[in-house]
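Trainee: Can you walk me through this one? I'd like to start with what touches what.

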Amino acid sequence: MQTLDITKEHCPMTLVRTKLQLAKMAPGDVLEVLLTEGEPLNNIPRSAQEQGFKVLKVEHVSGNIHKVVIEK
């Protein structure tokens, strides 16, 4: 499993960095994305599903940090 921390990024860079990371991965690989509440939390899981990826989990980590687990 690979991890991508975009907690310091702002939209649209959160979406761009996630897409770029997924593009480097092989089908079946899993990406754990650490992100903040608001636009990233709303947009990343939705966008991943729209692109045909499987969102395995969305969970609260601490404070305003969340984890989204995506299978390519």
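Mentor: Contact here means heavy atoms within 4.5 Å. This is a predicted model, where local features need pLDDT of at least 70 and side-chain atom pairs count only at pLDDT 80 or more, while totals for chains, interfaces and linings use all residues. Residues are numbered from 1 along each chain as its sequence is written, and side-chain values use heavy atoms, with hydrogens and water left out.

Trainee: OK. Which residues is T7 in contact with, leaving aside neighbours within four places in sequence?

Mentor: L34, L35, T36 and I65. T7 itself is in the loop between β1 and α1. Helices (H or I, at least four residues) and strands (E, at least two) are DSSP runs, numbered from the N terminus.

Trainee: Is T7 buried or exposed?

Mentor: Buried, because its relative accessible area is 18%. The cut-offs are under 20% for buried and over 50% for exposed, with partly exposed in between (1.4 Å probe, protein chains only).

Trainee: And what does its side chain make a polar contact with?

Mentor: The side chain of D5, at 2.6 Å. A polar contact is a pair of N or O atoms within 3.5 Å; within protein, one must be able to donate a hydrogen and the other to accept it, and residues adjacent in sequence count only if both atoms are side-chain atoms.

Trainee: What about K8, buried or exposed?

Mentor: K8 counts as exposed, because its relative accessibility is 74%. K8 is also in the loop between β1 and α1.

Trainee: Where is the cis peptide bond?

Mentor: Between C11 and P12, with omega about 5°. P12 is in that β1 to α1 loop. Most peptide bonds are trans.

Trainee: Changing topic. How do β1 and β2 run?

Mentor: Parallel, with four bridges joining β1 (residues 2–5) to β2; strands pair if DSSP finds at least two bridges between them. Q2 stands opposite L31 in β2. The chain gets from β1 to β2 through helix α1 (residues 13–24), a right-handed β-α-β crossover. Right-handed means that, with the strands pointing away from the viewer, the path from the first strand over the helix to the second runs clockwise.

Trainee: Which residues touch the most other members of the largest nonpolar core?

Mentor: I6, L22, L31, V33, L35 and I70, out of 13 residues. β2 (30–36), α2 (39–50) and β4 (65–71) each give two or more, and β2 gives the most, with three. Such a core is a set of buried Ala, Val, Leu, Ile, Met, Phe, Trp, Tyr and Cys residues joined through side-chain atoms within 4.5 Å.
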